[in-house]
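Let's take a friendly walk through this model, starting with the ligand site and then turning to a pair of helices.

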Amino acid sequence: MDFFADTAVIDDIRELNGYGLLDGVTTNPSLIAKSGGDFLDTIREIAQIVPGPISAEVAATDYAGMMAEAQVLSAIAENVVIKVPLTLDGLKACRALRAAGTQVNVTLCFSINQALLAAKAGATYVSPFIGRLDDINLDGMELIHAIRALYDGQGFDTQILAASIRNPNHVSDAALAGADVATMPPDVIRALVKHPLTDKGLAAFIADWKQTGQKIIK
Ligand code: G3P
């Protein structure tokens, strides 16, 4: 499963990429607003840091507007993926962009029928939102399982990009459910490495090593 950072904060992207943890990045209008940066400049900078797919979302909601914005966003860098909403116009834009060889991430997917439509439109990625389904007492992970079964059964190659991930359990569960990608807030990526027994064990090793008075580099 690939790891994408779900953020527009450059410092976080730079740090996590430095650890070799990032296969790509996803952004959305809310994340851009939160970061406070200029949208086009931010995408340009991210695309220079991470060579993998960088999702940049259109702001228009009509087909013509989405296509015009997609042209601007695609021109920023070769690794920009155009993110469109799961609406009729979004699906139409997805189909046209894919026919022109552009990578597309269809976002705001909350049902199996929506995932079916995204795959039929040739989406490179579909983004089911796990956390937001859990928020309203539905089962986000069940949707990931269902999409995996649907795509495998019907032979679709659209990648399942598990989004709206809120905690480390979402990550492991999405991996076990067969998601191709998980996009995660930086703090969730950092939390994946954490275990109290790792910290405790390392502290004991450091203390015992000190007792020996030895040095590896003499
Ligand atoms: O990028 C879309 C998605 O990951 C948003 O997550 O936490 O705002 O539901 P959240």
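In this predicted model, the residues surrounding the ligand are Asp6, Asn28, Lys83, Phe129, Arg132, Ala163, Ser164 and Arg166. Which side chains among them place a polar atom by an oxygen atom of the ligand?

| Side chain (N or O atom) | Ligand atom | Distance |
|---|---|---|
| Arg132 | oxygen | 2.6 Å |
| Arg166 | oxygen | 2.9 Å |
| Lys83 | oxygen | 3.5 Å |

On its own, the ligand has 310 Å² of accessible area, and the protein covers 82% of that.

Now for the helices. Two packed helices are described by the angle between their axes and the distance between the axes. Helix H1 spans residues 10–18 and helix H3 spans residues 39–49; their axes lie 10 Å apart, at an angle of about 10°. Angles under 35 degrees count as roughly parallel, and H1 and H3 are therefore roughly parallel to each other.

Which residues meet where these helices pack? H1 contributes Ile10, Ile13, Arg14 and Asn17, while H3 contributes Thr42, Glu45, Ile46 and Ile49. Sorted by class, this contact has 4 nonpolar, 2 polar and 2 charged residues.

How values were computed:
Residues numbered from 1 in each chain as written. Predicted model: local features only at pLDDT ≥ 70, side-chain atom pairs only at ≥ 80, totals over all residues. Heavy atoms only, no water. Axes fitted to C-alpha atoms, helices over the stretch in contact; angles between N-to-C directions. Helix = DSSP H or I, 4+ residues; strand = E, 2+ residues; numbered from the N terminus. Parallel < 35°, antiparallel > 145°, perpendicular 65-115°, else oblique. Contact = heavy atoms within 4.5 Å. Nonpolar A, V, L, I, M, F, W, Y, C, P; charged D, E, K, R; others polar. Near = heavy atom within 4 Å. Polar contact = N/O pair within 3.5 Å; in protein donor to acceptor, adjacent residues only side chain to side chain. Areas by Shrake-Rupley, 256 points an atom, 1.4 Å probe, with all protein chains shown as cover.
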